[in-house]
Amino acid sequence: MEIQSHIAEGIANGQPESVILSRLGDPRKLAKAYRSEHMGGLKNVKSFKDVLNIIGFYCTTGLLSVMVIPVLATLAYGFGFCTILTILAGILRTFGASWINMSIGPGMEVPTQYSMIFALVLGAIIGGIAWFSWVGLKKYLAFLSERYSRSLPGSQSAGY
């Protein structure tokens, strides 16, 4: 907010925005300075509640993440790769690659002329699993980030 008001004040006084921004300096250094100022303003002594929040975070979401993230990532990328291979196999079998077998079950071979349709339907199912796994992974990572921010000492909403 301080930087916004500085820029707004400079523009109101007729200064070009580029000049104002150049006077602020390197954005990385400015961000480090503000972060250091913010961290310095936090209380150094952690309360018992802060310690419990950090322990709670690592015992729940921290440990759970060791299992959830690899599983969802493997499902998302593995099934996504299988979707591509399934559709590619349907295309190749349709155009004469007889070495590719497609069957619905034991003794129920898919006719060659239906290979593409079968591959697209199967690819859509497999791709759906990949997509839902990817969405689940993104939501879990956002949830994890939010919980981590709340567990930091001095955060506004550290209580659950």
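This is a predicted model: local features need pLDDT of at least 70, side-chain atom pairs count only at pLDDT 80 or more; totals for chains, interfaces and linings use all residues.

Student: How are H4 and H5 oriented to each other?

Tutor: Helix H4 (residues 48-94) and helix H5 (residues 115-151) have axes 7 Å apart, at an angle of about 160°. Axes are lines fitted to C-alpha atoms, for helices over the stretch in contact, with angles from 0 to 180 degrees between N-to-C directions. Angles under 35 degrees count as roughly parallel, over 145 as roughly antiparallel, 65 to 115 as roughly perpendicular and the rest as oblique. H4 and H5 are therefore roughly antiparallel.

Student: And why is H1 described as oblique to H2?

Tutor: The axes of helix H1 (residues 2-12) and helix H2 (residues 17-24) come within 9 Å. They cross at roughly 140°, which makes H1 to H2 oblique.

Student: What pattern does the protein follow along the sequence?

Tutor: Helices (H or I, at least four residues) and strands (E, at least two) are DSSP runs, numbered from the N terminus. The protein has five helices and two strands. Read along the sequence, they give α-α-α-α-β-β-α.

Student: Is Phe-118 buried, partly exposed or exposed?

Tutor: Look in helix H5 to find Phe-118. Buried means under 20% relative accessible area, exposed over 50%, and partly exposed in between (1.4 Å probe, protein chains only). Phe-118 has 24% relative accessibility, so Phe-118 counts as partly exposed.

Student: Which residues is Phe-118 in contact with, leaving aside its neighbours within four places in sequence?

Tutor: Contact means heavy atoms within 4.5 Å. With those neighbours set aside, the partners of Phe-118 are Met-102, Ser-103, Ile-104 and Val-110.

Student: Which residues make up the largest nonpolar core?

Tutor: A nonpolar core is a set of buried Ala, Val, Leu, Ile, Met, Phe, Trp, Tyr and Cys residues joined through side-chain atoms within 4.5 Å. The largest has six residues in all: Ala-89, Ala-97, Ile-100, Met-102, Val-110 and Ala-119.

How values were computed
Residues are numbered from 1 along each chain as its sequence is written. Side-chain values use heavy atoms; hydrogens and water are left out.
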